[in-house]
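Trainee: I have a new model open and would like to learn how to read it. Where do we begin?

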Amino acid sequence: MLVERALPAPPFARAAARPGRRVREVTVLHPALAARYTALVSAVALRVDEELSPSVAANRVANACVDPPGLVLRSFRDERVAFGLRFARLAQRTPCLLFADVRECYRSIAPDVVAASLRSLGCDGPSVDGVAAFLRALQKRGVEGLPVGPDPSAVLANAVLAEADRALERLGAPHLRWVDDLVVGVDGSRGAATVLRVAREALDRVGLCLNDEKTRLVLDPASGALLRGVSVARSAKEVG
């Protein structure tokens with residue numbers, strides 16, 4: 001179910017959930033706050049997008065303007081199609097695919113982590129300070145981490161998750177990322193364990209963690225054979 005939360009108003013239901021689907025809460029900012037959020041993030045958005053790895057397919061910036069403030073992300077449909085094509089190529093050239101995602105990603109991203117991530121990408125200091133101060137103000141109003149829903153949050157999440165992209169690239173692991181979902185090409189279960197260790201360490205540096213329950217290894221992408229629940233905590237015998 002989609003639940004909106006307009007600040008400072010309380011949550012209200014927007015759409016009924018299908019059986020078995022969990023509630024997904026979306027924060028709807030007061031128009032003045034939404035405009036301020038857009039203005040602050042538009043000042044860093046192009047720099048963030050320029051520094052992102054080509055492996056990142058979702059929430060890429062199409063245009064950002066500071067005066068007047070404006071932020072436009074690339075078409076979701078076009079990005080999804082492009083991601084599908086790249087996914088097919090990755091599946092064809094690697095013997096195994098590892099799937100993983102981040103637990104409670106947006107809600108776990110702290111303002112100070114956002115600031116550090118933006119600085120690491122070379123964003124302007126005063127602009128970074130403004131974004132961090134705004135997020136801290138939202139935190140005082142009861143918003144955990146990044147507000148789920150607004151486009152500026154998607155840009156900031158990409159800035160933070162770039163730490164995982166860089167770590168996987170240093171490892172030489174071909175991968176794709178859609179928001180907080182990772183798909184990594186590996187040579188087998190032992191390779192998957194190494195990738196998971198590196199990804200965990202990278203995410204830990206930005207205060208995030210993998211969702212073990214959603215981690216799975218496709219042993220043969222063509223046949224769809226799966227090894228579920230791969231974890232670096234398990235022994236090589238259990239994983240291999």
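Predicted model: local features only at pLDDT ≥ 70, side-chain atom pairs only at ≥ 80, totals over all residues.

Trainee: How is a pair of packed helices described?

Mentor: By the angle between the two axes and the distance between them. Here, the axes of α3 (residues 111–120) and α5 (residues 151–171) come within 9 Å, crossing at roughly 65°. Angles of 65 to 115 degrees count as roughly perpendicular, and α3 and α5 are therefore roughly perpendicular to each other. Their crossing is left-handed.

Trainee: Which residues make the contact?

Mentor: On the α3 side, V113, V114, S117, L118 and S120; on the α5 side, L156, A159, V160 and R166. Sorted by type, the residues of this contact are six nonpolar, two polar and one charged.

Trainee: What comes just after α3?

Mentor: G122, which takes a positive phi of about 90°.

Trainee: Let us turn to cysteines. What is a disulfide?

Mentor: A covalent bond between the sulfur atoms of two cysteines. With a cut-off of 2.5 Å between the sulfur atoms, the count in this model is zero disulfides. C105 is in no disulfide, and the nearest cysteine sulfur, that of C209, lies 9.9 Å away.

Trainee: Is C105 buried or exposed?

Mentor: C105 is buried, at a relative accessible area of 6%. C96 is buried too, with a relative accessible area of 6%.

Conventions:
Residues numbered from 1 in each chain as written. Heavy atoms only, no water. Axes fitted to C-alpha atoms, helices over the stretch in contact; angles between N-to-C directions. Helix = DSSP H or I, 4+ residues; strand = E, 2+ residues; numbered from the N terminus. Parallel < 35°, antiparallel > 145°, perpendicular 65-115°, else oblique. Left-handed = near helix turned anticlockwise from the far one by under 90°. Contact = heavy atoms within 4.5 Å. Nonpolar A, V, L, I, M, F, W, Y, C, P; charged D, E, K, R; others polar. Buried < 20%, exposed > 50% of the residue type's maximum accessible area, 1.4 Å probe, protein only.
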